[in-house]
Amino acid sequence: MPYSRQDERFMQRALALARRGVGRTSPNPAVGAVLVSGGKIIGEGWHKRAGGAHAEIEALKGKGKAARGGTLYVTLEPCCTWGRTPPCTEAVIAAGIRRVVVAALDPNPRHSGRGLRLLRQAGIRVDAGLLAQEAGQLNAAFNKWITTGQPLVIAKAAMSLDGKIATRTGDSQWITSPAARRVAHRWRARVDAVMVAAGTVVRDNPRLTLRHGVRGRQPWRVVVDARGRSPRSARLFTDRARQRTIVVTTVRSSVRWRRALERRSVTVLIVKRAGEHVDLRAMLRELGKREITSVLVEGGGDLLGALFAQRLVDEAVFLYAPVVIGGRDAKTAVEGAGVGRVRAAWRFAGEWRTLPGGEVMFVGRRRAGGSDRHPASAGCPRKLRMNKPFQR
């Protein structure tokens, strides 16, 4: 149906509210809601954390009779089942709302459309699909996780103009400016986990914490280490955030090494091998079981290369500094064999942004097709492959 400019304005406001919850609500989606009466906003809300009140409840809070006959704009179909909180559909019906405008349907096929049907059966006018694409992109991680059981994989790299992440001697600090690093840390605050390979731990001894003035929930720190090469003295295994560290390994690593990490409250996951390496698909399934809905992969080049080669990368965040490093032995952002022909290249749709430090950043989503397609940005995916239903 055609929507008015006023409808779009109120839904844009609901989307702006939903964005406040990004990085804070997982494994729940980020949702915003606006309550309108007489053409004016009388209530607003957004989902602030998993287990907390949903956006609709926040918008209706304390409104009483003022809500009767009003219109509720919400970025995601109201939940209709008991989870950590009561169903929002019941609260909407009880409030006497006359009309509900929804952006995206619930991506869980077990629930999708059911909430709207319940509202319509209660005599409420329901319009769905307004700014659905924007709402779907906002919750791309949740949408993929709830339909596949695997987290959204975001490839992140900071590099020179010629695609180098380090010199031929291994020096890499710092290619980008403090302003660019601050942007990178904001991305960390948006995801559930930050991932690196063992080589990065050995070479750089990273912390993978939120710094540069960025605040938020510390994401899980995931180390992919098939053989147990990471030193037990690494910061990831000894600092205060070590309880938020996961090591993904195989039976090739020593029992002694694994037990030493576990004694420090590091989580050790043993997954099957793929040749000499960790089976990446099995790893993503294990992370998904732990309600990790998004992973920011920060290196190294071999890990990114393997993820690209297996078409496991969903999005890319690439930062380019205005420097040229050169050298055939200098590490590139994406290593491995690569594609044989340009027509087989991994293609992305996105946008370029200029950063305060003189760098440029590309943010985009991989153009998927055929068996690679997943409904990360869709409002209503068709097939559920989770082992059990998810209740918000």
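These legends walk you through a few close-up views of a predicted model. In this model, local features need pLDDT of at least 70 and side-chain atom pairs count only at pLDDT 80 or more, while totals for chains, interfaces and linings use all residues. Residues are numbered from 1 along each chain as its sequence is written, and side-chain values use heavy atoms, with hydrogens and water left out.

**View 1. An open sheet of nine strands.** The strands follow the order β10-β9-β8-β7-β13-β6-β14-β16-β15, with mixed pairing. Strands here are DSSP runs (E, at least two residues) and helices are too (H or I, at least four), numbered from the N terminus; two strands pair if DSSP finds at least two bridges between them. Because β10 (267-270) and β15 (348-354) each have a single partner strand, one side of each is left without a neighbour in the sheet. From one strand to the next, the twist averages 20°.

**View 2. Strands β7 and β13 side by side.** Here β7 (residues 193-197) and β13 (residues 294-299) run parallel, joined by four bridges. Look for M195, whose bridge partner in β13 is V297.

**View 3. Helix α7 on the sheet.** This helix (residues 178-190) touches β6, β7, β13, β14 and β16, where contact means heavy atoms within 4.5 Å.

**View 4. D192 in the loop between α7 and β7.** D192 is buried, with a relative accessible area of 5% (buried means under 20%, exposed over 50%, partly exposed in between, using a 1.4 Å probe and protein chains only). Not counting residues up to four places away in sequence, D192 touches several residues, including S26, W220 and E291.

Terms used. Axes fitted to C-alpha atoms, helices over the stretch in contact; angles between N-to-C directions.
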